[in-house]
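Me: I would like a close look at one part of this model, the metal site, and then at the aromatic contacts elsewhere.

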Amino acid sequence: MNTSVADPAAPFDLTVRGGRISTATETFTADIGVRGGVIAAIAPGLPAGLRDINATGRWVLPGGIDSHCHVEQLSGMGVMCADDFHSATVSAAFGGTTTIIPFAAQHRGMAIPKVVADYAALAREKAVIDYGFHLILANPDDQALKQDLPQAIRDGITSLKVYMTYDRLKLDDYQLLDVLKLAGEEGALVMIHAENHDMIRWIARRLLDAGRVAPKYHRVAHDPLAETEATQRAIALSRLIDVPALIVHVAGAETVQVLRDARALGASVHAESCPQYLFLTADDLDKPGLEGAKFCCSPPPRDAASQQAVWDGFKDGTLSVYSSDHAPYRYDQSGKLPYGDATTFKDMANGVPGIELRMPLLFSEGVMGGRITIEEFVALTATNHARLYGLLPRKGTIAIGADADIALWNPGREVQVSTAMLHDNVGYTPYEGRTVRGWPEVVVSRGRVIVEDGRMHAERGSGQYLPRGIPEPLAAHARRAADGASSPFFKRLKGMQKDPE
Ligand code: DUC
Ligand code: ZN
Ligand code: ZN
């Protein structure tokens with residue numbers, strides 16, 4: 001690759017020199033010239049910039065996009081996150097991530113425009129890296145479907161998360177169809193938390209009645225079949241009306257296979273998984289006392305076979321985005337232990353932290369461990385997120401004209417993970433004591449060197465809001481609709497509406 005659109009008269013603000021650059025499709029050695037926060041040139045032997053960084057011996061990769069993280073948000077169980085936009089974005093940046101997409105969360109009774117405006121105000125004041133928002137939708141009434149959602153989508157919130165479980169958030173199948181239909185018409189991607197609510201409730205009731213309250217029973221209540229059944233149903237709903245959907249935080253082997261089969265049938269179903277499903281198992285919930293609460297997320301981590309299935313799913317494209325699902329709840333009364341020692345598995349805030357370690361864990365076990373290529377790493381941590389959530393060509397790749405969001409990874413650096421080295425506000429990590437190989441030592445956001453020498457150099461509030469464009473699956477959906485193709489259901493409906501001869 002040897003391309004340059006740089007104005008030779010003006011010096012670069014920054015030159016990143018001599019690194020091994022990888023995108024989702026190729027790897028080559030070159031310099032990167034940055035001007036005005038944007039990549040202006042990629043070529044060997046670029047002239048010196050106002051600032052030069054020697055990247056010899058480093059992997060030069062796009063800054064990561066974490067498209068699933070909970071920040072300064074009220075959870076489905078009504079618990080507030082321990083990380084605000086400052087601690088979350090600082091922590092993300094130290095782990096090589098330069099864009100996050102957290103959730104503006106509607107709970108029942110809340111008006112969507114106010115939810116979005118309030119959330120935007122929090123981010124504007126504190127974020128140090130760039131961010132977009134998804135919308136969590138708890139109340140798909142006429143006001144939402146006819147007015148507020150179309151407006152939010154046109155304002156650049158081009159993805160929604162909906163839940164098939166959690167009392168405060170759960171939508172029924174009829175409502176899911178309403179949301180999918182609207183999303184198809186307006187061009188938004190629907191992210192689905194797929195677990196069968198009644199299966200979980202039914203098992204949990206029996207466990208609690210029998211006095212089985214320890215964290216390890218969380219993994220029993222959230223049986224793999226609850227995930228598989230809900231995923232199958234979500235796929236069926238999406239196929240019925242031919243609207244793309246994305247299943248978040250896939251954990252179980254059978255669910256991966258269900259997704260693979262649906263994709264083989266041509267369904268536009270996309271899927272995400274997370275570090276906890278590659279690096280933790282259900283056994284982690286079985287710790288003395290309430291310690292297992294630190295590993296308690298929904299769906300829960302499963303077994304070694306499911307870990308392998310998630311690796312396989314990433315490898316063959318069944319799973320295309322790797323996100324943290326960072327859900328920062330402290331190991332105290334504010335989060336995991338609302339009733340102290342008397343807390344049952346049903347009371348604990350669900351979720352594990354991981355915004356900072358997401359990329360280092362995958363770099364170490366995936367790239368250095370020989371399970372995935374460096375290009376696959378880039379696709380899974382950055383480019384596919386940009387594709388699925390309407391951020392290409394600005395984010396998620398190293399290309400002329402893209403924002404200069406770049407991380408310099410030192411593959412030779414070994415780091416022993418400890419809570420003390422992390423920058424979130426959670427107070428523990430489920431990955432305590434692990435050694436990872438490879439670390440993002442320098443991180444650049446829109447041309448600003450924001451992490452260097454273990455220090456943060458970006459000001460509070462210097463991150464920018466990203467109104468997002470149409471997600472790729474929705475663009476394809478619009479093309480199919482324009483070609484006259486539509487779902488079998490709509491074809492049948494049209495047939496039924498014909499006047500009798
Ligand atoms: N499950 C969720 O649905 N959200 C946050 C974290 C979790 O475990
Ligand atoms: Zn979820
Ligand atoms: Zn989540």
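Is Asp325 buried or exposed, and at what relative accessibility?

Reply: Asp325 counts as buried, at 9% relative accessibility; buried means under 20% relative accessible area, exposed over 50% and partly exposed in between, with a 1.4 Å probe and protein chains only. This is a predicted model, in which local features need pLDDT of at least 70 and side-chain atom pairs count only at pLDDT 80 or more, while totals for chains, interfaces and linings use all residues. Residues are numbered from 1 along each chain as its sequence is written, chains are lettered from A and ligands numbered from 1 in the order written, and side-chain values use heavy atoms, without hydrogens or water.

Donors here are N, O and S atoms within 2.8 Å of the metal (3.2 Å for Na, K and Ca); water is not among the atoms, so sites may look incomplete. The zinc ion (ligand 2) is 3.8 Å from the zinc ion (ligand 3). Helices (H or I, at least four residues) and strands (E, at least two) are DSSP runs numbered from the N terminus. His70 is also buried, at a relative accessible area of 6%.

Now the aromatic contacts. The whole structure holds 12 aromatic pairs. In one of them, the ring centres of Tyr131 and Phe133 are 5.6 Å apart with planes at 35°, so this pair is tilted. Rings of Phe, Tyr and Trp (its six-membered ring) pair if their centres lie within 6.5 Å; planes under 30 degrees apart count as stacked, over 60 as edge-to-face and the rest as tilted. Tyr131 is buried at 3%, and Phe133 at 1%. Phe363 and Trp409 make a stacked pair, because their planes are at 15°, with centres 4.6 Å apart. Phe363 lies in helix 11 and Trp409 in strand 17 (residues 406–416), so this pair ties together parts 46 residues apart in sequence. Both Phe363 and Trp409 are buried. Tyr131 and Phe133 also belong to one aromatic cluster with Phe85, Tyr119 and Tyr465.
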